Structure formats: C-alpha cells, structure tokens
Amino acid sequence: MRVLHVLNGLGSGGAEKIIMDWYRNIDKDKVQFDFLIRSNECIYGEEIEKMGGKIYFTSSFPRHVIKNYFETKKIFKENKYDVVHVHGNALIYMRGIIEAKKNKVPIRIMHSHNTSARRKIYTIVHWINRHRLKRYANVFLACSNEAGSWMFGKKKFQVINNGIRQENFLYSEKKRKESRKNFNFKEELVIGNVGKFLPAKNHFFMLDIFSEVLKRKDKAVLLLVGEGGNLEYEIKNKVREKNLLNNVIFLGYRSDVGYVEQAMDVFLFPSKYEGMPISLVEAQFEGLPCVTSDSVSKESDISENIWYCSLQSSAKEWADVVLKAAEKCPHHTNTLKEVAYKYNIERITKQLEEIYKKKYTR
C-alpha cells in the first residue's frame, strides 16, 4: 500500500516529527510512505530514502501558486497512490486533496494539527474552504477535539493522539545528573522550551517572562531547543538587546530532546495557539512541571502537573507561576500506565494502519 503524505515541509516541527515516528514504526512490508512538500525544508531526506520512501518537491505556496499548481498536478498524474494523507494547520492549501479526488485515490485524508490560522486572511480562506472540503476528502482526522472542531466544524472526525517514543522520555536521576553536568549546570534554575521560531510560539513574550525570573533568581538559564521559522534572527537579536546572552542558550535542532529535557526544571510554553503540542506531551511524560498558556487545548493536560496562564497576564505574573512550578522539581515521576498507553507511538501507528486499510466511499 502506497501512502502519499502532503505537507508544507519536513523540518523540525512537531507534525513532521510525529509523521516520521509513524514511518519508523509502520510495517513497511504492508505500507510505504512517500512525501510531497512545498518547500526545500527537509532534514529527514536521507532517512526517508533508506526506508524506501520518495520525496517530491514543489514550489512554495502561496508565493508560487501557479507553478505549484502545475507541479502538483504532474506528480499526481505520474504516480498512483492508495492513500493521500494531507496535513494542515488550516484549510489554506487544498491542491493535494483536490488532485487526490481527481485522480481517484480511494482514501483521501485531511488531518488537522492546529486550532487557528497564522493571519486573518488565512482564517477567511479557511472558512471558505471548510465548506468545500467534503467534496474531496472522505476521512477526517485531528490531533485533538479542538483541532478537529476548528477544521471540520460539525462534521464527524476521529482523533489520533500525538504519540511519542516513550523510551526517549523516561526520567532517571542518573540521566538528569549526566545531562546537567554535560551542560555545566550546577545550581542554575533551568527553564526550557522546544519549538520552531514562529509567531505562534510567542518567543518574545517568553524572553520577557524569563527576564522577570532573572530579577528574582539570578542563577537561571533559558534553554531553547529548535531551529527554523521566520523569527529566529529577530529573537536572537532581542536576546542581545536585553543583555541575556549569558543566560539564554540556543541549542538548535536536537535529535536527543529527551536527554536535553532531563536537565530542565520547568518547561515554559506560552504559545498563542496549538492543536495538541507534541513537545508538551513529551515534557509531561518526562515528569517536568509545565507552564503554558490557556490558549493551548486543555486536552494537553495529561499529568495534572501543568499550570495554565492567560496571555493577558503580565510577564511578572507568569514569572511568579514559573517559580512556583520550579519548587516541584526535581519531582520527576513516570506517567501513569493509562497515559503511557494513550500516547504509545506503536499502538497509534497500528491504529493509523487500520485506517489506511479501510474502504471509504468516494
């Protein structure tokens, strides 16, 4: 069975990470993945090729909308697929699902990964396309109930949890000591975040919160894991302007996020909106106290070890909560068996495999 995943890119984002974990765990004697992306962002190219997959690159959308249109049509015309699995934060890019219908792909999946669009104009396009979607897709998936309602409205959809490779996020005192020693952390309060440098991730406000923490806790460090996004350069400049160079560490892309998180005391996540952030699931599974915005779905609370704050609250108020959360660390305890089952990547991959095997009406 050949499955084509359609998404913006294959960078270090959460959705890409989840899709790659599906690929690593799926039975490749039965199911093979290919990828159609509309950017040059691709950190998994070599691994995908080793696993037998293909990557098709098209021009960016909406910047090169005409070129993208013809390139996408050509790829669908020249290749036959059993499943087309389209991923999106909002219904902006419809070409993949439209071409799947035109080329009589039997299983056509739209998968929602977020609860908002980046710009107001995108939101308008999203509402228009929401009414068109039922003509083309016949399977509707979402990472959370809120993400599903945002993309599909009252239409029935199925939630597929964002699974994690749990062996990478099991806390141990030995690993914590090793990780902190590796970063040369001693008595420092280590606050961390994992994510690309995008407006939704709210890094500028994160720096304001951290500055307030430093006023009361001079031995504090902010670890930022991730790369890419259109704000990375500006955020690094902001760190210089705020004289935080000695306290903010940019780690870039890391394949060992679980090991890095062992060194943290608090996970800070003031996102403006999210579907079901995989990084927040991983941090909680590892046992970290998490301070997040109330704009993030309450479905993200899997541990009862999470504090929700309003984005209308001041940076000082957020800092108060961060310091309160820090008092609970080190407290790391492994997550309940029920949660471990719910977010088990092997189980979720099998669930997805069953969806691919079903027969749906055209």
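## Exercises on a predicted model

Helices α3 (residues 65–78) and α4 (residues 95–102) pack with their axes 10 Å apart, at an angle of about 40 degrees. This is a predicted model, in which local features need pLDDT of at least 70, side-chain atom pairs count only at pLDDT 80 or more, and totals for chains, interfaces and linings use all residues. Residues are numbered from 1 along each chain as its sequence is written, and side-chain values use heavy atoms, leaving out hydrogens and water.

**Exercise 1.** Find which residues of α3 meet which residues of α4.

*Solution.* Contact means heavy atoms within 4.5 Å. Start in α3 with N68, Y69, T72, K73 and F76; these meet R95, G96, E99, A100 and K102 in α4. Next, sort the residues of this contact: three are nonpolar, three polar and four charged.

**Exercise 2.** Locate S39 and find what its side chain reaches.

*Solution.* Look in the loop between β2 (32–37) and α2 (45–50). There, S39 is buried (under 20% relative accessible area), at 17%. Now check polar atoms of its side chain: the backbone oxygen of N8 lies 3.1 Å from one, and the backbone nitrogen of E41 lies 3.2 Å from one.

Key. Axes fitted to C-alpha atoms, helices over the stretch in contact; angles between N-to-C directions. Helix = DSSP H or I, 4+ residues; strand = E, 2+ residues; numbered from the N terminus. Nonpolar A, V, L, I, M, F, W, Y, C, P; charged D, E, K, R; others polar. Buried < 20%, exposed > 50% of the residue type's maximum accessible area, 1.4 Å probe, protein only. Polar contact = N/O pair within 3.5 Å; in protein donor to acceptor, adjacent residues only side chain to side chain.
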